[in-house]
Amino acid sequence: MAFDEPAAPGGRAAQVDAQDLVCAGFPDGQWQIDRFRGCWHAGLTYTARDIRTGAPVGSAHVTITQDFQLANNRTTWVETDTLRMDSANDVVAAGLSATWTAGCSSNCQATQPVPFAPGTWLSPGQTLTGTTEFSNPQARGGIDHFAPGYTLELLSPGSIGDAPAVWATPQLRCDAQVGRSAGCVVTDAIPTYEVNSSTNPVGAFGIRWAQENLAGHPGVPGGEPLHRLANRSQQSKNRFTVCGTGWTPDLLTVPTDSCDEYPFAATREGGSMPGPDCAELKPHVNLLSLPFEVQTGPDGAPIADLVHAPAPETTCARVHVPLTQNTYIGGDLGRFVTAQRIVDNGPYWVSAA
């Protein structure tokens, strides 16, 4: 059987927002993914051939649809599978028998490997729908990367059929390394940490400024992601490297002033340069606002002083930020890491719009 162009199953995956994950509106053969879900549809053509001569004697077109949903606190999941016969001609006009089988590698198991009974008859215009079920339990500290695979065999009695179609999902991962429960994610879907700029306007402004001005624009969606650093001792070292030397609070300009480093200390990119070599920004804070926000000038632009301008190769920044905003962003980042199951060295983007 031949899958329709332009894409072969498992060959590409496009990341989209969860609310936009409606596979019917996307190209044939292209997986749509977010952190905990994947779906796709693909058309394929079956050709029946004469037993003696091998000449084509009929054909059919069918469409496959799959939709799976993972969870951040569970290592079992259910997938909805659909097979529809769109058209058929000649010896295949009466239909085909269909056998769909799912399998899994590594620690993963297909606990319900068939969505419908093997050899189920599929007629033109008919749709078969069922579910397959999977499990990948993890002991504490465990992690497993895998991709469920599938085989679809179609047969027309009295003729030679095509070889079974074979495909797989995008790469998945189940682990017990984040939070209190084991869970599973789509590894190709890189999550984005969205800083609450309304609650933390000074902190968000500092992150935006750092992303725009540092070499490589770290964490900017579509550029180079940040990577989680789980080791707390190394996090502390990164924080001290950037904020421990040459830092002078300015409580008149920034109430409850604190040093906020970017990239975050809890990333592999954190602590890349000593603090005095990092860029340093001191926003002017509106003392009448709560939470404190960055003052703007007549042109509407934020008012901020560069204590130390970044050189072209500068890879770190330290920003004067009210302590409550600094603390909140750090805590919220921890909650984000747990919710999105970002393991040690796992990538993520940062948006502070």
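In this tour Ala, Val, Leu, Ile, Met, Phe, Trp, Tyr, Cys and Pro count as nonpolar, Asp, Glu, Lys and Arg as charged, and the others, Gly among them, as polar. The model is predicted, with local features needing pLDDT of at least 70 and side-chain atom pairs pLDDT 80 or more, while totals for chains, interfaces and linings use all residues. Residues are numbered from 1 along each chain as its sequence is written, and side-chain values use heavy atoms, leaving out hydrogens and water.

Begin by selecting E261, which lies in strand β18, residues 257-262, where a strand is a DSSP run of E with at least two residues, a helix is a run of H or I with at least four, and both are numbered from the N terminus. E261 is buried, with a relative accessible area of 7%, buried meaning under 20% with a 1.4 Å probe and protein chains only.

Next, display R239, V242, C243, A317 and R318, which are in contact with E261 once its neighbours within four places in sequence are left aside; contact means heavy atoms within 4.5 Å.

Now turn to the largest pocket, whose volume is about 510 Å³, and select Q235, A266, G330, L333 and G334, the closest to its centre of the 23 residues that line the pocket. Colouring the lining by class gives 11 nonpolar, seven polar and five charged residues.

Finally, show α2 (232-243), β18 and α3 (323-339), each of which supplies at least two residues of this lining, with α3 giving the largest share, seven residues.

Technical notes. Buried < 20%, exposed > 50% of the residue type's maximum accessible area, 1.4 Å probe, protein only. 1 Å grid on protein atoms, 1.4 Å probe; cavity = no way out; pocket = protein on both sides within 12 Å on 5 of 7 lines; lining within 4 Å. Points joined across faces, edges and corners; volume = space filled by probe spheres on them.
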